[in-house]
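Subject: Handing over a structure

Dear colleague,

I am passing on to you the structure that we spoke about, and you will find the sequence and the model just below.

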Amino acid sequence: MAKKLAILGAGPIGLEAALYARALQMPFTIFERGRVGEYWQRWGHVRLFSPFGMNVTSLGRSAIAKHNPEHEFPGDDALLSGREHLAAYLQPLADILEDNLQTDTHVMLVGRRGFLKNEDPEGAGRSKQPFRLLLRDKKSADRIEEADIVLDCTGTYGQHCWAGEGGIPSVGEVTSEPHIAYGLEDILGERRPQYANKSILVVGGGYSAATTVSSLAKLAEDNQSTWVTWLARCPGSQPLKRIPNDSLKERDRLAVRANNLATRTDANVEFHAQTVVEGIEFQGQDRGFRVTMRSAGKAKTLEFDRIIANVGYTPDRMIYRELHIHECYASAGPMKLAAALLGEKSQDCLRQASYGADTLRTPEPNFYILGAKSYGRNSNFLVRVGFEQVRDVFTLITGKAGLDLYKGLRITR
Ligand SMILES: Cc1cc2nc3c(=O)[nH]c(=O)nc-3n(C[C@H](O)[C@H](O)[C@H](O)COP(=O)(O)OP(=O)(O)OC[C@H]3O[C@@H](n4cnc5c(N)ncnc54)[C@H](O)[C@@H]3O)c2cc1C
């Protein structure tokens with residue numbers, strides 16, 4: 001009997017895996033907690049670094065063209081926003097896959113029929129039993145479905161890291177969490193009234209924080225009372241480390257813009273290097289936050305109307321806690337891939353490629369972690385790499401080495 005595939009998450013990699021399964025005529029279901037491309041919907045106002053041609057495959061394009069010959073694709077060089085990409089590629093793919101797609105279906109936990117976590121560590125018996133998926137719909141009704149193979153493509157954007165030092169919540173942060181923004185806020189769009197003419201604390205030293213600070217600085221041009229205090233742990237006056245000769249020009253432009261804002265004294269942005277958050281007290285909707293921080297060894301307390309903590313994302317490991325997943329203690333990604341990534345010397349995610357089918361294996365037979373989640377805390381992941389992973393995982397699933405339904409998808413390391 002044909003093996004049943006469960007694909008967790010309808011982001012770009014889950015959808016691409018589904019397309020691959022469909023082309024191979026394998027039975028599959030995609031379980032998506034929210035909407036199609038849920039995270040792309042949430043940060044969809046942000047412009048991608050990678051051009052359209054890098055974020056699509058020949059398989060996807062031809063499936064869409066066949067389904068809807070009228071569909072017009074953007075040019076390969078187009079730098080789309082997340083939502084534009086969703087409309088141009090992800091949603092048309094989802095339309096093709098709709099009979100096998102269950103949205104508003106949260107995968108809570110995955111286990112094995114007949115086996116507890118501590119049983120059959122060799123996996124010989126486990127591999128003969130199906131997975132059991134505990135699913136919850138939007139009315140909070142639970143049910144179980146079974147599958148022979150599980151592809152966990154649930155990404156990381158749904159689970160934020162904490163703003164406190166050492167990665168743990170600062171004092172009071174857990175209680176204040178519902179009032180803090182941890183994602184990419186649409187500052188120049190629908191969230192404008194939330195931030196215009198407010199004092200805002202931005203925490204973080206990566207591209208997300210850079211995006212946030214750049215948008216806030218733009219907002220401040222027309223709303224002069226907007227004031228941004230930007231904290232990062234890094235030393236020096238420039239929070240963003242530029243990648244030498246960065247071929248993703250949009251990314252480099254963002255780094256330059258954010259570094260300029262950090263060093264300029266005439267913008268409404270005040271940058272503090274080597275600064276960590278020690279405590280956050282939410283004082284109420286009208287009174288904002290009281291934040292204790294330590295800057296170059298000295299403690300100080302300031303008040304803010306808003307806090308945006310762009311401090312990274314982390315994989316949800318609860319889904320597979322009853323399975324045998326060997327994780328990297330540093331990245332929380334699956335160990336084999338993490339070990340390969342540790343050997344990667346280049347900081348440039350464009351240089352990243354799939355490290356081959358074998359690195360996708362976990363000790364749990366037929367359970368694979370793909371996409372952004374496969375990189376764990378490592379934020380170098382690109383959609384392009386995920387497409388290669390999809391191709392590689394299907395060589396494992398089908399046992400056909402060299403199986404490649406993508407034409408022309410090549411990444412050189
Ligand atoms: C602001 C921003 C800009 C970016 N720009 C680029 C870029 O230019 N180029 C690039 O290549 N990459 C970019 N990335 C990275 C990009 O997000 C990832 O490469 C891509 O989204 C990873 O796809 P994915 O399918 O692995 O996961 P995701 O896109 O994260 O999708 C995961 C899906 O799983 C669902 N899900 C989560 N938990 C569950 C559950 N328990 N049950 C069921 N469903 C679940 C989610 O709702 C979501 O739809 C950017 C990321 C951000 C945040």
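**Paired strands**

Strand E5, which covers residues 131-137, and strand E6, which covers residues 142-147, run antiparallel and are joined by 6 bridges. Please keep in mind, here and in what follows, that this is a predicted model. Along this pairing Arg136 stands opposite Asp142 in E6, while Arg132 has Glu146 as its bridge partner in that strand. The two strands E5 and E6 make a hairpin, with 4 residues between them, and in the turn Ser140 has a positive phi of about 65 degrees.

E5 also pairs with strand E4, again in the antiparallel sense, and this pairing runs over 7 bridges. One of the facing pairs here is Val107, which stands opposite Leu135 in E5.

**The ligand and its surroundings**

There are 28 residues around the ligand, and those that come nearest are Glu32, Trp40, Phe49, Ser50 and Val383. When the residues of this shell are sorted by class, 17 are nonpolar, 8 are polar and 3 are charged.

A nitrogen atom of the ligand lies 2.9 Å from a backbone N or O atom of Arg33. For Ala372, a polar backbone atom is 2.8 Å from an oxygen atom of the ligand, and for Glu38 the distance from a polar backbone atom to a ligand oxygen atom is 3.4 Å. Taken alone, the ligand exposes 980 Å², of which the protein buries 92%. Two or more residues of the shell around the ligand come from each of helix H1 (12-23), helix H2 (38-42) and strand E4 (105-112), and E4 is also the strand that pairs with E5.

**Two domains**

How is the protein divided into domains? Domain 1 is made up of two stretches, 5-158 and 313-398, whereas domain 2 is the stretch 165-309. The C-alpha centres of domain 1 and domain 2 lie 31 Å apart, and the contact between them takes 16 residues from domain 1 and 13 residues from domain 2.

Note on methods: Residues are numbered from 1 along each chain as its sequence is written. This is a predicted model: local features need pLDDT of at least 70, side-chain atom pairs count only at pLDDT 80 or more; totals for chains, interfaces and linings use all residues. Side-chain values use heavy atoms; hydrogens and water are left out. A residue is near a molecule or strand if one of its heavy atoms lies within 4 Å of it. A polar contact is a pair of N or O atoms within 3.5 Å; within protein, one must be able to donate a hydrogen and the other to accept it, and residues adjacent in sequence count only if both atoms are side-chain atoms. Accessible areas come from the Shrake-Rupley method with a 1.4 Å probe; for residues, only the protein chains shown count as cover. Ala, Val, Leu, Ile, Met, Phe, Trp, Tyr, Cys and Pro count as nonpolar, Asp, Glu, Lys and Arg as charged, and the others, Gly among them, as polar. Two strands pair if DSSP finds at least two bridges between them. Domain bounds come from an automatic or database domain assignment. Contact means heavy atoms within 4.5 Å.
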